[in-house]
Amino acid sequence: MSRQIDYRSSSQHSADDVAAVMLDEEYLRARLVQLGGPGAKVLAHEPTADGGRYTIRHGVDQAALPSIVSSLVSGNLVIQRTESLRREAPGRWAGDVDVQIPGTPASAVGSLALHDAGTGSELLVRADVTVKIPFLGGKIEAVIVDQVQQLLAAETAFTLEWLAGKHR
């Protein structure tokens with residue numbers, strides 16, 4: 001069984017401007033410095049003709065993990081995230097997200113949609129979190145969903161500040 005993440009955010013900036021930032025390697029590195037945790041790093045960054053793809057690593061200090069999650073790992077938790085974003089039309093982007101947590105039976109897979117809306121844009125993230133552990137998997141999935149939603153909110157705030165020129 002899995003749990004779904006549905007995250008939505010809006011911006012006063014166009015979808016094309018938001019996508020350009022999301023695909024910018026300098027931005028990704030700065031975001032990871034602020035939000036990435038121990039061992040955070042851009043592992044891959046590949047621009048394409050219609051967008052791009054990148055893989056980043058987050059770290060979560062073991063002391064900050066809920067006990068139900070810390071029982072799964074020894075040491076810090078490592079989260080590897082691969083995201084792609086491609087332009088479908090002016091003001092409309094689509095993408096995929098794949099999250100792996102090495103050494104654990106936890107993963108997530110989903111999609112991204114970014115489109116112009118009114119005088120700005122809207123980002124939608126939908127992903128299914130799966131933890132393959134009998135009896136405890138659902139509880140751990142709930143914790144992961146909550147943590148991912150908090151991370152997405154923090155990343156949105158960072159992105160909006162970046163677009164406003166506050167982090168450069």
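Is R29 buried, partly exposed or exposed, and at what relative accessibility? In this predicted model, R29 comes out as partly exposed, at 41% relative accessibility. The side chain of R29 pairs up with that of E25 in a salt bridge, with N and O 2.4 Å apart. E25 falls in the partly exposed class as well, with a relative accessible area of 28%. Both residues sit in helix α2 (residues 25–35), and because they are 4 residues apart there, about one helical turn separates them.

Another of them joins R126 and D6, whose closest N and O atoms are 2.5 Å apart. Here the partners come from strand β7 (residues 120–131) for R126 and strand β1 (residues 2–11) for D6, so the contact ties together parts that are 120 residues apart in sequence. As for accessibility, R126 is partly exposed at 45%, and D6 is partly exposed too, with a relative accessible area of 42%.

Then there is R81, which meets E155 in a salt bridge at 2.8 Å, N to O. R81 belongs to strand β4 (residues 77–89) and E155 to helix α4 (residues 137–163), so this pair links parts that are 74 residues apart in sequence. Both ends are tucked away: R81 counts as buried at 6% relative accessibility, and E155 counts as buried at 5%. The cut-off for that label is under 20% relative accessible area.

Notes. Residues numbered from 1 in each chain as written. Predicted model: local features only at pLDDT ≥ 70, side-chain atom pairs only at ≥ 80, totals over all residues. Heavy atoms only, no water. Salt bridge = Lys/Arg side-chain N within 4 Å of Asp/Glu carboxyl O. Helix = DSSP H or I, 4+ residues; strand = E, 2+ residues; numbered from the N terminus. Buried < 20%, exposed > 50% of the residue type's maximum accessible area, 1.4 Å probe, protein only.
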